[in-house]
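Hi,

Here is the structure I promised to send over.

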Amino acid sequence: MKNSLLALSKDGLDSIRNLLPIIVVISFFQLFVFRQPVLGLISIAIGGCLVVAGLAFFIFGLRLALFPIGEGLAHSLAKKGNVFWLVAFAFALGFGTTFAEPALIAIAAEAAEVAAGAEAIAPTLESRDIYARNLRLTVAVAVGVALVVGVIRILADWSLPLLIICGYVLVILLTTIAPKEIVGIAYDSGGVTTSTVTVPLVAALGVGLASSLKGRNPMTDGFGLIAFASLIPILFVLAYGIVVEWN
Amino acid sequence: MELIVFSLQSIVDSAVNVLPIAVFLFVFQRLVIGGVFPNWKPIMAGFLFVVVGLGLFLLGLEQTLFPLGRLMAQQLTNPDFLLLSVERGASALVWQDYYWVYLFALALGFSTALAEPALIAVAMKANMVSGGTIGMWGLRLAVAIGAGVGVSLGCFRIITGLPLHYFIAVGYLLVIVQTAMAPKHIVPLAFDSGGVTTSTVTVPLVTALGLGLAEAVSGRSPLLDGFGLVAFAALFPIISVLAYAQLVVLRERASTPV
């Protein structure tokens, strides 16, 4: 109990240090560039305390729950030696966490507006909803596939740089034939998919898997799952844009 | 009083987001692996901390940081503000006149990357796995510098109206060259750090800056040019982390006598 409290208060101090740069940046611009006093200092201070406490709690819980679960499951699945369940787990984790991701829901709605504005789809509410839903589905499937590819890479010992570089060459090629209005959204969707809860789980999964397999190094083989999760959605969304345009 | 209600609301929201993942993990463990997690009690407690922490974190961000950041992005891109320092008319603004925007973008990308919980998580893992040779702050500072430069360059692209994929293509060309030269053990981590940077804190602020800028600069459409900043914030950390690893190697080589 005492140790936990000690760890939690250390996480609290770390959070303050992690958030200090933002506070400095905002104060500098308010005081020296806009030369305006910040209104509502008290509510900002309260909000700041919430951010610090929240970050400390999250990091504390991450060490207790997300890391051990990700690694524990990776060890158990590797020990079982059943590739099917490993792949199924990776896909479900990627698909499930992405489809429910609030940032993705927001970006999909905006993307539907862009598409309607560019007359790629009919300007009705219904066709916009369908477009946004399909886009979310596309990205979620893409992240599921990405984690599957990443896990298979760790199992089969494929070269990560080679795969990633081929992926980005493909991205550039698809960009040249994709409709203009989807390009920015596609590139952004790669970054949006990696949420705060998923990343620790996925990182622990990769590292756990690489450390329970013989002949794998957790440093060179354990990382790289997130790289796929940011690359493959770009490809899928570009392809989605091309398919919608053709129809 | 209001604060308590908001806090509870936000914690419930985060529970709704986290619960399906937690249920899936527990069910998977139960049905496929068999049995429950060893020491499931601290894991349950940990999930509670994650849910409460995430709820408070997001509430705090939404109450203070996001409105302030959005307001500042609007003020900075407002032509009236730009004209204060420039003697020409609004139509004659050139890309150099936006220097405050570049500086703000640099500082914003840098500081939000340092606050990103997902990046902290990956840095913790990398620190553990490398046995401490990859420092928490070393990696995160490298990523943050990359994110800052990326967002700043992304703003330059929006202001000048150059095509997004030129920058992305050149960026990845650089990544390919660096990958061939960088020490092997850092490459997967570098590729990961791109996606990790753009998460809870960075995306809303950077998107607001991009949309505000695309609205304010004449000849840009927020729909076509507003997107794409996140892509810059995800690409440049790869470059900066690879560069950081190369620097470490070069320094070691210089300090060891031949």
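How many Å separate the centres of domain 1 of chain A and domain 2 of chain A? Taken over C-alpha atoms, the distance is 31 Å. The domain assignment puts domain 1 at residues 1–66 of chain A and domain 2 at 82–246. Do keep in mind that this is a predicted model.

Next, the interface. On the chain B side, 81 residues are in contact with 79 residues of chain A. Several helices of chain B give two or more residues to that side, among them α1 (2–34), α2 (40–77), α7 (164–181) and α11 (229–255). The largest share comes from α2(B), with 23 residues. By class, the side of chain B that touches chain A has 57 nonpolar residues, 21 polar and three charged.

α2(A), residues 41–80, packs against α5(B) at an angle of about 35 degrees, and their axes are 11 Å apart. This crossing is right-handed. From α2(A), the residues making the contact are A:Leu55, A:Phe58, A:Ile59 and A:Leu62, while α5(B) brings B:Pro117, B:Ile120 and B:Ala121. That makes seven nonpolar residues, with no polar and no charged ones.

Last, a word on α4(B). Is this helix mostly covered or mostly exposed? Mostly covered: 13 of its 17 residues are buried. From first C-alpha to last, α4(B) reaches 25 Å, close to the 24 Å expected at 1.5 Å a residue. α4 (99–115) is also one of the chain B elements giving two or more residues to the side that touches chain A.

Cheers

Notes:
Residues numbered from 1 in each chain as written. Chains lettered and ligands numbered in written order. Predicted model: local features only at pLDDT ≥ 70, side-chain atom pairs only at ≥ 80, totals over all residues. Domains from an automatic or database assignment. Contact = placed C-beta atoms within 7 Å. Helix = DSSP H or I, 4+ residues; strand = E, 2+ residues; numbered from the N terminus. Nonpolar A, V, L, I, M, F, W, Y, C, P; charged D, E, K, R; others polar. Expected span 1.5 Å × (residues − 1). Buried ≥ 20, exposed ≤ 12 C-beta atoms within 10 Å, placed from the backbone. Axes fitted to C-alpha atoms, helices over the stretch in contact; angles between N-to-C directions. Left-handed = near helix turned anticlockwise from the far one by under 90°.
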